[in-house]
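Q: I have a model open on my screen and would like to learn how to read it. Could you walk me through a few features?

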Amino acid sequence: MMSAEGHAKRVFSGVQPTGNLHLGNYLGAVKRFVEMQDADWETVYCVVDLHAITVWQEPAALTQAIRELTAAFLACGLDPRRSIIFNQSQVSAHAELAWLFNCVARIGWLNRMTQFKEKAGKDREGASVGLYAYPCLMAADILAYRATHVPVGEDQKQHLELARDIATKFNQDFDAPDFFPLPEPLIEGAATRVMSLRDGTKKMSKSDPSDLSRINLTDDADTIAKKIRKAQTDPEPLPETVQGLADRPGADNLVGIYAALADTTKAAVVAQYAGQPFSAFKPALADLAVEKVAPIAGRMREWLADPAGIDAILADGAERADAIARPILREAYARVGLLRSRA
Ligand code: TYM
């Protein structure tokens, strides 16, 4: 069985430019992007604007959202000298490889994707074809770089499995055993699935109508503290062990957020706060969240004051990304038997 082994280690991940990043995106993804960059992995991070347009985006707002997400990446600590940072639509290999994968993946595979079902809702017939084929584009994002490791939140697990299935089938169909690596999802840490602050059984999400349900990376200190104060919990004090958080989704969520922000484990957090009421834990969590999250907004504003600077970073990143992806795409075309006679 082929695996990521045998391929040089390379990290790829992406985030959609569809409005403010929230604490779930940060703890589940971007904070970990920074850690991998700082641990000297080869890292490629993408603003996936082609994924964003699978649902309607106002064009001017989309342009702004691409710059804002790039500013958020930079404000969180991604460094264009150490990571390749770019937006997807500037590197055509993504869309081109996605077409090959549309022809490799089976309709039955895509029919199983739970995120499509959630996003399309009842109006399946009215959803865009792009929304349906979305996981093929995601597989192309990763495999265009032969990336071996993909840090994501829990909700992307099924898409990563599909990317592995596509890589496996391409390698088999075209008799190229190790052509694409099978990318490993890295779903790690205490906050791989951050839940709504209003309902611990629902995922924290950009689309929740209640702003109190999420902490946005643009929230100021007072707003962050208020949202944590109002977060849903239960009347019981903190348990002594992680097992004691079972069936207590609101409590479990806040402990997970604390652990991720403090770079520790849930077990360590409950050991520290065992027996204390949430009225004591919440202020500690609020202080920690303000300390870690509030400075990001200021740095984002500084970056956004220089849109030309952001565009230059994206252009440079796109050039470097293209240099990796183009030869891999060319080889994939050749494997498929497509004739490319132009240089
Ligand atoms: P997106 O833009 O919805 O989310 C970006 C990242 O944030 C994670 N995330 C969360 N993690 C923990 N708790 C939450 N409540 C939470 N909400 C979101 C997501 O898991 C993700 O890692 N399809 C992807 C984007 C994508 C991609 C890729 C990712 C496109 N191509 C290639 C990896 C590799 C998406 O829509 O993420």
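Predicted model: local features only at pLDDT ≥ 70, side-chain atom pairs only at ≥ 80, totals over all residues.

Q: How far is a polar side-chain atom of Gln16 from an oxygen atom of the ligand?

A: For a polar contact, look for pairs of N or O atoms within 3.5 Å. The Gln16 pair is 2.8 Å apart. Two further side chains can be read in this way. Tyr134 has a side-chain N or O atom 2.6 Å from an oxygen atom of the ligand, and for a polar side-chain atom of Asp155 the distance to a ligand oxygen is 2.4 Å.

Q: Now the helices, please. At what angle do H7 and H8 pack?

A: In general, two numbers describe a pair of packed helices: the angle between their axes and the distance between those axes. For H7 (residues 129-143) and H8 (residues 157-173), the angle is about 70° and the axes are 9 Å apart. Angles of 65 to 115 degrees count as roughly perpendicular, so H7 and H8 are roughly perpendicular to each other.

Q: Which residues of H7 and H8 make the contact?

A: H7 contributes Tyr134, Pro135, Cys136, Met138, Ala139, Ile142 and Leu143, while H8 contributes His159, Leu160, Leu162, Ala163, Ile166 and Ala167. Sorted by class, the contact of H7 with H8 has 12 nonpolar residues, one polar and no charged.

Q: How far apart are the axes of H10 and H12?

A: The axes of H10 (residues 249-261) and H12 (residues 278-304) are 10 Å apart, at an angle of about 40°. That makes H10 oblique to H12. Their crossing is left-handed. Among the residues that meet are Leu254 and Tyr258 in H10 and Phe281 and Leu288 in H12. By class, the contact of H10 with H12 has 13 nonpolar, no polar and two charged residues.

Q: Which residues in H1 meet H10?

A: They are Leu23, Leu27 and Lys31, which meet Ile257, Ala260 and Leu261 in H10. This contact of H1 with H10 comprises five nonpolar, no polar and one charged residues. As for geometry, H1 (residues 23-38) packs with H10 at an angle of about 45°, their axes 11 Å apart. H1 and H10 are therefore oblique to each other, and their crossing is left-handed.

How values were computed
Residues numbered from 1 in each chain as written. Heavy atoms only, no water. Axes fitted to C-alpha atoms, helices over the stretch in contact; angles between N-to-C directions. Helix = DSSP H or I, 4+ residues; strand = E, 2+ residues; numbered from the N terminus. Parallel < 35°, antiparallel > 145°, perpendicular 65-115°, else oblique. Left-handed = near helix turned anticlockwise from the far one by under 90°. Contact = heavy atoms within 4.5 Å. Nonpolar A, V, L, I, M, F, W, Y, C, P; charged D, E, K, R; others polar. Polar contact = N/O pair within 3.5 Å; in protein donor to acceptor, adjacent residues only side chain to side chain.
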